[in-house]
Amino acid sequence: MSDDHGYHHGPHEWSHGAPHNSWAPIIISIGSGVFLFFFAKAFTMNEGMNGYIYDNAPLPLAIAGLAIIFAGLIAWWKQDFSFDGSYEPQATHGSAPFSNVDIRKVGMWVFLMSEMMIFSSLFSTYIRYRTSIDSCYSLEGTVVEPGTACWLPASYFIAKGGEHAHSTLGFMPDALVPGAINTFALIISSYTIVMALKTAKRTDLEHAERSIKVRNYLGATFCLATLFLVMKMIEWFIGFHIGPFEAPSLVSDQFTIHNDAYTYNYGHGAEAGAMTVDIRMAASVFYLTTGTHGVHVFAGIVGLGYMVVKAHKGGYGPGNAASIEYFGLYWHFVDLAWVAVFPAFYLY
Amino acid sequence: MEFGGDIFQELYIEFMFWSVIVGVITFVWMIHHSFVYRTSDGDLSGKRLHLRTQLDSLRHEMKRAGMDMEFDIEEEEDERAWPNVDNIKVGVFPKENDNLKLELFWTIIPFILICYLCWISWAPTDAIWPSAYELEDAHEVGVTGQQWFWDFDCNGLTSDLCDVGVDSDTGLTVLSLKLDETYILNLSSRDVLHAPKIVQYGLTEDAVPGMYTTIVFTPYETGKYFLDCAEYCGDDHSYMTAIIEIHT
Amino acid sequence: MQIRNVWTVRAMVIVAVLFAALMFSPEHEARPTGISSVDSGCSCHSQTPSSEVDASITLANGSALPESYEAGTTYTLFISFSGGPAEDNIPGRLNTGGFNLVASKGTLTPIDNTTQILAGELTHTDAGNDQQAWNADWTAPTSGSAVLRLMVNSVNGNADGQGGGSSGDAWNTVSYTVSGAGGEAPTMKADGLTVLFSGILLTAILFAIALTYVFYVRDPESFSWARFKPWISHWLTSTDHKNVGTLYFVSGLFFLGVGGILAMMIRIQLSSPGNDFLTKDEYNSFFTLHGTVMIFLAAMPLINGFANWIVPLQIGAKDLCFPRLNAMSFWLQPAGAVLLLTGMFSGMGADVGWTGYQPITSTTDHYGATFWLAGQVLLVASSTLTGINFIVTIATMRAPGMGWMQMPLFTWSIIVSVMMLFISIPTFGIGLIEAYLDRTISTTFYNTSAGGDPLLWSHLFWYFGHPEVYVVVVPAFGVISEVIATSARRTIFGYRSMVYALAGIGFVAFIVYGHHMLTSGMSPLYRFVVMLTTMLVAVPTGIKIFNWLKTMHGGSLVYRTHTLWALGFLVTFTLGGISGMFFPAIAMDVHLHETYFVVAHFHYVLVGGTVFGLFAAFYYWYPKITGRMMSERLGILHFLIGFISYNGVFWPMHKLGLLGMTRRHHTYYIRADEYSDIIGTLPPEAAQWNQFITVCAFIFFLSNLIMVYNIIASMLNGRKAPADPWGGWSFEWLVSSPPPTPSFDEIPTLENANPDHEPGMLTGMLERIMTPDPDDEGEEAGH
């Protein structure tokens, strides 16, 4: 069945010698099953001597599941690596209104429709709870039973700087710095991915030189995306003290999903007070939504890794730039989601 | 009192009437056409099948031998026994079979019927959930569901109007209410979703933890009525029963 | 395909080792719940019983329970336990001892204020909650073996500390059998779980034997490992739409059997009132898994099987546009199935109903619920990918001459179905993830004490759940359109309105989901809106039914098995649709909610709709798929027995529901004995009806084996099928049976018997916007 007109085999068209088989689908499925299974096992609470504990022994097996998924991805990419864009599946002439549009582009747009539904549902949950649970600010000054559920938004800890409100720059608290860096990182990375696409299509450069430029732009996108995740981890778990800038991590600031007894201090002087409140809901919604976005960034990083390697090997050129465009569509969507998530969760 | 209570029965009879009409029209139409439009030679397509199979293998052989000829079965003889009124042919999008007037007819008539059914259902809905001013004289009784029993709270009403006890025969909890008095049952739950259902009266509403829902109940016949749980709530969901006793 | 290199082998070995680890991993400890609102808590029947607690029943005078009783005599029982934390006797601790005693025959009577009867079972009172021994009377019945089952709780009375009052408690159970005066031996009791496991294992073994036999008969001489290896690795890795379709059929039919066995277990349990063939726990997880397996592992895969096989053939494409993604959609299903069924066989399967309402799903002590949620997340991923694949394929890979309004109706039904699916299912996925995180890392999405709202789950679930039921029934509509038109040898009547009706159903499906929540405290305005929109769905559906009937007019109906199933569909789906009209009238919904009327309605539309449509599809497209004709005799037998027994199962359920029989109940109450003056319990004939339903259910279950046998036997001995056995017009009838790979050497062009028509205005406008301009820089290179 190998129909080799001198083109490299690609995964997309049998008439161009694409194989009819692939190990990747079954491996990725098994890996996903293994991961979810052992994650569930690791995080279901068991009763121990002193109340409830997690028995985290199965966690390495959950990570093994992720490794299996990765192995499946490698199998997938090995089939795609040699693809050089000598053909790009296009809609048939009969397929109005998509005639002659790249099929993979249509696929990416349709995929993004389902991604919209994911983020809509997350925002749905957020709106539902934010509008119904009293904010802790509104309960200030009243007598509140300890452990009452109230909404202390993440913006209290980040945009307002929480209890610490250390502000080196004056116009914003230091706690907002990672978020601000992240926003610019994603916006700039949207720019670099477009530059990677434009450079790949340039016909006025030598292939070797063009490949290096494309690789560099893709690499810049990769680095910016990684910076995003690193900043997020610092903001969530690590905290920072760099020069005059300092802010505690959200976790050390007690903004956690298990915190049903957070001491909320408010007011100054004569009107100062404190109450013990349950902030689990605000924390749950915050970490799930921003976490889902982070997982999407991570998926992009994984894809970018593959693309950087392929660019380095000279795999992209004017005849083979389409997949950068498709990834770019996804990446712009991730950026757009952040542009919605950031004000809604970090600033409001 | 028939099952479901009086309001239910009224609507039920009306809906059943229209359902039977729609059903009869549809089934008579279907049975009529299934008989009248049968093909006269039942096995013709079987014979055609045999012919087609032979034809296919012949085509295949000829192709392998390098010959290229187009041919098909003689249609004439078959046409009489298995008419092809729309001239259905493989690879050809068939001739339109359309009648706008007819289709509009059976769009508009069902639409009108549905609007009618919706209209007659509206008032009974208001009877089940009356508005606030209609409930000025109502007595409030608390009903709390918990895995796996019902907790009734008479809220200080006199024992004539509301009383909680235990049934000697069955051992079930009994809520005694008075005939022809209007009660607002405030439902809630201490753990998971439950739903008290006064089965014969056909009244139910979910008891949701963290909020209050209501059933408005004006008993109009005396007796001991079965109350069971109508929202799955765990192990003993089937056994979460009680009795509502209506006395004069 | 050959196994390429040693790394693939190593990867497979690692995977196999992991699977072995999975099988032997130790049993889970559940997160206990129980009566957690009582201050000092007690842990009832969750976790495993503790051997340090010893329960016993003796007679009050100290001697052991008699081997056999004397009819009508009253015995004073001494119920006690020793061991466990209650014996620590720490002062100030409360509620340290509790028990629950059930007598299968005879009557239990409290004799002091330390015990009471609650719902027919003897248990302690508040006053009697601090002891380790109680007295009560038991009056022996006149005949029959009596089983006295005792559960005791040894509670440490510890109300503080993290984890609440249930930590440190221990419980145990003991059972005594006192036989009747005649000394009759107690009857053996079948254990529900054992029966289920045996049934499923038997099905799996029969399946494996059938597959192996088919492989063997095809080529007996080369029945060796050397030939098997490439064959199995071809099937595990194939991305060809025809192979993936076959995989969906195999998996779908297997799980149809599993779901059917679960249904049989439920029916045995319900065949008589007060039955205890299944314990409450088992019953709860069986009805949960029956629903989940049937919808997600049987109905949807079978539909996907036909979509995979037939849609590319009908639109004249060589395959779907993303073949590997398609294969992944399939393989995510067995992975999800393993997760879904986790815990089933150790009594810890998910017991939350397929609807998984909160907060019970986040708090149930059955650990299977966590895995059930995870399995469904995988199925969500599978469905989303399927959606993307089919939408893009149908939109972009059609043969020349096939505009949107020239597509076969089955293809239309698939694109509408899949469009509904992939828009609604991500919402369900988010709901599932929230519930999964609640159960694992203790987020509080549905935790009412932290402000969580159980109704949020209801919204997220039903926003998906209602379109979902249309997702499974719309392809059946497509099949019926094809079958009736071909059987009557006519064009389908009103093609355009059929398409608009499908699109209308697809849209309206999203705005009516509130009708599943009519009794959850809905505001009057929304109640009315939901009522109106739900009733309006009957309009496009009615159009379709009338169009099908009109198609037969003037035609020449040939009666084949697929024709019979299509006509059967018309009967049952119409009945199901009519019974569905009763619910939106809310004054009726309050009576019918959660009764067997609901069960009757949705089985009429799901089985009488989807499954009958799938049966018709099987008989219709089998010759194309396998190249053989099925036996018509067996087909007609299947239809007659199946159709009649099916109606025998579900028609009486309407009546039972009207009488007030509540669904998801482990057993039901008949107006007899001490319940004879309570109105609202079921009349005695309800027991007879239930028995009748159970018998018919078994007949229906077995009748489907006729089809399975037919499928296998015809594959081996059936007459060879031509390309177009039934006289259809769409492209799948152009290629040989079975089709070669690739299906089309040359993509055919669809001719049109109708006179020239203009392309639609909308299409023209979109085309002008979307078609890339050939002068656009960079676009032309390489294309």
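The largest nonpolar core of this predicted model holds 357 residues, and the members that touch the most others are F255(A), F286(A), F217(B), F306(C), W548(C) and W621(C). A nonpolar core is here a set of buried Ala, Val, Leu, Ile, Met, Phe, Trp, Tyr and Cys residues joined through side-chain atoms within 4.5 Å. Buried stands for under 20% relative accessible area, exposed for over 50%, and partly exposed for what lies in between, with a 1.4 Å probe and protein chains only. Helix α16 (residues 596–626) of chain C gives this core its largest share, 20 residues. Helices (H or I, at least four residues) and strands (E, at least two) are DSSP runs, numbered from the N terminus.

The surroundings of W548(C) can be listed by contact, which means heavy atoms within 4.5 Å. Leaving out residues up to four places away in sequence, W548(C) touches F477(C), I480(C), S481(C), I484(C), I492(C), M498(C), F569(C) and L570(C).

Residues are numbered from 1 along each chain as its sequence is written, and chains are lettered from A and ligands numbered from 1 in the order in which they are written. Local features need pLDDT of at least 70, side-chain atom pairs count only at pLDDT 80 or more, and totals for chains, interfaces and linings use all residues, while side-chain values use heavy atoms, with hydrogens and water left out.

Chain C has 19 helices and 11 strands. Of its 783 residues, 64% count as buried. Among the contacts in chain C with a separation of 6 or more, 78% are between residues 24 or more positions apart.

The mean pLDDT of chain B is 87, with 90% of its residues at 70 or more. Among the elements of chain B, the lowest mean pLDDT, 58, belongs to helix α3 (residues 76–81), and the highest, 95, to strand β7 (residues 196–198).

The interfaces come next. The size of an interface is often given as the accessible area lost when the parts come together. Buried area is this loss for two parts, found with a 1.4 Å probe and summed over both. Chain B and chain C bury about 10000 Å² between them, and carbon and sulfur atoms account for 65% of it. On the side of chain B, F93(B), N97(B) and Y232(B) lose the most area to chain C, together 9% of what that side buries. The contact involves 102 residues of chain B and 115 residues of chain C.

Four salt bridges are found across the interface of chain B and chain C, a salt bridge being a side-chain nitrogen of Lys or Arg within 4 Å of a carboxyl oxygen of Asp or Glu. K224(B) and D677(C) form a salt bridge in which the closest N and O atoms are 3.2 Å apart. Between chain B and chain C there are also 37 residue pairs in polar contact, both residues being at pLDDT 80 or more. A polar contact is a pair of N or O atoms within 3.5 Å; within protein, one must be able to donate a hydrogen and the other to accept it, and residues adjacent in sequence count only if both atoms are side-chain atoms. The elements of chain B that give two or more residues to the side touching chain C are α1 (5–36), α2 (44–64), β1 (92–93), α4 (100–128), β8 (203–204) and β10 (223–229). The largest share of that side, 16 residues, comes from α1(B).

Chain C also meets chain A, with 98 residues from chain C and 80 residues from chain A in the contact. The area buried between chain C and chain A is about 7800 Å², 68% of it given by carbon and sulfur atoms. The count of salt bridges between chain C and chain A is two. R324(C) and D80(A) join their side chains in a salt bridge of 2.8 Å, N to O.

Some details of the backbone remain. Most residues other than glycine have a negative phi, and most peptide bonds are trans. The peptide bond from Q358(C) to P359(C) is cis, with omega near -5°, and P359(C) is placed in the loop between α6 and α7 (360–363) of chain C. R489(C) has a positive phi, near 55°, and lies in the loop between α10 and α11 (495–508) of chain C. R489(C) counts as buried, at 4% relative accessibility.

Conventions:
pLDDT is the predictor's confidence in each residue, from 0 to 100.
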